[in-house]
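The following exercises concern a single protein chain and are to be worked with the sequence and the structure at hand. Each task is followed by a solution in steps.

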Amino acid sequence: MDTSEQVAVVVRRKEASVAPLRQRRSIAEKRRVVEETLAPGASVARVARAHGINANQVFGWRRLYLAGRLGQPKPGIKLLPVQVSESKTAAVAIESASDTEQPQRGTIYIEFRQAQVRIEGSTDPALVRVLLECLRA
């Protein structure tokens with residue numbers, strides 16, 4: 001075998017494949033697509049196909065939308081601010097009931113400036129204590 005001969009290696013160039021340009025969609029357009037998918041009976045795959053978008057992309061937008069990170073959410077349920085005041089303390093006396101005693105039935109009202117909590121029927125004293133501690137904390 002003669003090793004002095006040169007061997008030419010020809011590399012064929014692959015034709016450059018042309019990838020479609022990435023579409024940039026506005027926040028408003030993303031919100032419109034997501035809101036279509038949130039309609040009762042809507043299929044994410046069908047909505048995505050109708051807009052020429054991958055369904056996985058729409059699911060990602062939905063997660064952002066539901067987390068409130070896709071622009072301004074539509075006005076919906078608003079939570080009221082809660083402030084617990086230390087000025088009024090609630091004294092809770094818990095007595096252990098024996099097995100023969102029936103728990104007393106009644107109603108407990110807790111009123112706030114903009115809300116009311118009402119507990120009806122027989123209640124577990126430990127549950128009421130935990131509730132009051134949570135409201136006080």
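**Exercise 1. A salt bridge in a helix**

Which side chains meet in a salt bridge with an N to O distance of 3.4 Å? Determine how the partners are placed along the helix and how accessible they are.

*Solution.* The model is a predicted one.

Step 1. The pair consists of Arg-31 and Glu-35, whose side chains meet at 3.4 Å, N to O.

Step 2. Both belong to helix α1 and stand four residues apart, which means that about one helical turn separates them. An α-helix has 3.6 residues a turn, so residues three or four places apart point the same way.

Step 3. Arg-31 has a relative accessibility of 11% and therefore counts as buried, the limit being under 20%. Glu-35, at 23%, counts as partly exposed.

**Exercise 2. The other salt bridge**

How many salt bridges does the chain contain? Identify the partner of Glu-29 and classify both residues by accessibility.

*Solution.* 

Step 1. The count comes to two salt bridges.

Step 2. Glu-29 pairs with Arg-25, and their closest N and O atoms are 2.8 Å apart.

Step 3. Glu-29 is partly exposed, at 24% relative accessibility, whereas Arg-25 is buried, with a relative accessible area of 18%.

**Exercise 3. The overall arrangement**

State the number of helices and strands, their order, and the share of buried residues in the chain.

*Solution.* 

Step 1. The chain holds four helices and two strands.

Step 2. Along the sequence they follow the pattern α-α-α-β-β-α.

Step 3. Of the 137 residues in the chain, 15% are buried.

Step 4. Among contacts with a separation of 6 or more, 44% join residues 24 or more positions apart.

**Exercise 4. Helix α3 and its ends**

*Solution.* 

Step 1. At the start of α3, a side-chain oxygen of Asn-54 comes within 2.7 Å of the backbone nitrogen of Asn-56. Just after α3, Gly-68 adopts a positive phi of about 80 degrees.

Step 2. The buried residues of α3 are Val-58, Gly-60, Trp-61, Arg-62 and Tyr-65. These pack against α1 (27-37) and α2 (44-51).

Step 3. Phe-59, also in α3, is partly exposed at 37% relative accessibility.

**Exercise 5. A buried arginine and its surroundings**

Is the side chain of Arg-62 buried or exposed, and which side chain of opposite charge is nearest? Examine also Thr-37, one of the residues in contact with Arg-62.

*Solution.* 

Step 1. Arg-62 lies in helix α3. Arg-62 is buried yet has no salt bridge, and the nearest side chain of opposite charge, Glu-36, is 11 Å away. A salt bridge requires the nitrogen and the carboxyl oxygen to be within 4 Å.

Step 2. Beyond its neighbours within four places in sequence, Arg-62 is in contact with Val-34, Thr-37, Leu-38 and Val-44.

Step 3. Thr-37 is found in helix α1 and is buried, with a relative accessible area of 4%.

Step 4. A polar atom of the Thr-37 side chain lies 2.5 Å from the backbone oxygen of Val-34.

Step 5. Apart from neighbours within four places in sequence, Thr-37 is in contact with Ala-42, Val-44, Val-47, Val-58 and Arg-62.

Methods: Residues are numbered from 1 along each chain as its sequence is written. This is a predicted model: local features need pLDDT of at least 70, side-chain atom pairs count only at pLDDT 80 or more; totals for chains, interfaces and linings use all residues. Side-chain values use heavy atoms; hydrogens and water are left out. Buried means under 20% relative accessible area, exposed over 50%, partly exposed in between (1.4 Å probe, protein chains only). Contact means heavy atoms within 4.5 Å. A polar contact is a pair of N or O atoms within 3.5 Å; within protein, one must be able to donate a hydrogen and the other to accept it, and residues adjacent in sequence count only if both atoms are side-chain atoms. Lys and Arg count as positive and Asp and Glu as negative; His and the chain ends are not counted.
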